[in-house]
Amino acid sequence: MSGHHDDVDCLIVGGGPAGLTAAIYIARFHLSAVVADAGDSRAALIPLTRNHAGFPEGISGPDLLARMRVQAERYGAAVREGLVTALARHDDGFRADTTFGPIRAKTVLLATGVANRRPGGMNGETHDRALAAGLLRYCPICDGYEMTDRRIAVIGTGERGYAEALFLRSYTADVRLVAPAGGHILSAAHRAGLNDAGIALLGPCGTIAIAGPSIVLTIGSGTAAFDTLYPALGSDVRSELAGQIGAHRSEEGCLTVDAHQRTDIPGLYAAGDVVLGLDQISHAMGEGGVAATTIRNDLARRTPLRR
């Protein structure tokens, strides 16, 4: 493998579960890989995940990522802190401008993920404290179990808010759907479904604060306290780099791929939450493994691999 990080077999953009899984695989295929890690993986925000297989006592997102980085680097992948600021096709590969220097790569894997849309009414410090304490949660699939029979608020409206409130209703009878600042936008069918499930409507929401063991929402002239708050406000897909080279994206910005994680641009692959899917660590890791194996096989067809 080349020791020069400006000319590699694969540039992996994103240091989350998908990107680091791919780095482990690619390095163990005796291919060179650089991971550009901006340090903003959503996994890093997880205080403790208990649904990730193999960790019965749970593991924090930062600890999981740290273990994966060590594993990737053990086999020769280079993990670099920084951003990829531009991506262009170059000869039969790609050229990337990064905050740690230019890189030429035969292939590129985008594992850039998404960014959660945060609820208004709370500053960054309160948001981070609430998240660390489990008073604010973004993934009901991941941790709805921990909220069994607890008092839950979902902030959101429309189809997204409706679906998340109904999902969480399977864990507890005490769910409220709270409107964001603009108020509720719900169809008659939505309202009927929520009523049938015993989910009351509140809002619009004003400020959000922590008070002891509760998260407290200002609603009109009063307040309401909950054991946790789930934002159902959607997310922003980080697929801008793919747009720079004309890769096909959905209306929401998700990258479209085939069954082997190839985009419609030869040599460009995508894995994890930037691809429309389940938004789960296990799913992202699986896609990272598939993408890495596809990259290895595609490169072998271009140039026979020799040791």
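This is a predicted model: local features need pLDDT of at least 70, side-chain atom pairs count only at pLDDT 80 or more; totals for chains, interfaces and linings use all residues.
Trainee: How many aromatic pairs does the structure hold?
Mentor: One of them joins Tyr 25 and Phe 29, with 6.4 Å centre to centre and 75 degrees between the planes, which is edge-to-face. Another joins Phe 167 and Tyr 171. The number of aromatic pairs is two.

Trainee: Why is the pair of Phe 167 and Tyr 171 described as it is?
Mentor: Let's begin with the angle rule: planes under 30 degrees apart count as stacked and over 60 as edge-to-face, while the rest are tilted. For Phe 167 and Tyr 171, the centres are 5.9 Å apart and the planes lie at 55 degrees, so the pair is tilted.

Trainee: Which residues form a nonpolar patch on the surface with Phe 167?
Mentor: Good one to look for on the model. Phe 167 counts as partly exposed at 35% relative accessibility. Together the patch has about 260 Å² of accessible area.

Trainee: Which helix does Ile 141 lie in?
Mentor: Ile 141 is partly exposed, with a relative accessible area of 40%. The helix with Ile 141 covers residues 140-143, and that is helix H4.

Trainee: Over the face of which residue does Arg 28 lie?
Mentor: Here a charge sits over a ring. Arg 28 is at 4.7 Å from the ring centre, where the cut-off is within 6 Å. The ring belongs to Tyr 75.

Methods. Residues are numbered from 1 along each chain as its sequence is written. Side-chain values use heavy atoms; hydrogens and water are left out. Rings of Phe, Tyr and Trp (its six-membered ring) pair if their centres lie within 6.5 Å; planes under 30 degrees apart count as stacked, over 60 as edge-to-face and the rest as tilted. Buried means under 20% relative accessible area, exposed over 50%, partly exposed in between (1.4 Å probe, protein chains only). A charge sits over a ring if NZ of Lys or CZ of Arg is within 6 Å of the ring centre and within 35 degrees of the ring normal. Patches are made of residues with over 30% relative accessible area and no salt bridge: like charges are joined within 9 Å, nonpolar side chains (Val, Leu, Ile, Met, Phe, Trp, Tyr) within 5 Å. Accessible areas come from the Shrake-Rupley method with a 1.4 Å probe; for residues, only the protein chains shown count as cover. A salt bridge is a side-chain nitrogen of Lys or Arg within 4 Å of a carboxyl oxygen of Asp or Glu. Helices (H or I, at least four residues) and strands (E, at least two) are DSSP runs, numbered from the N terminus.
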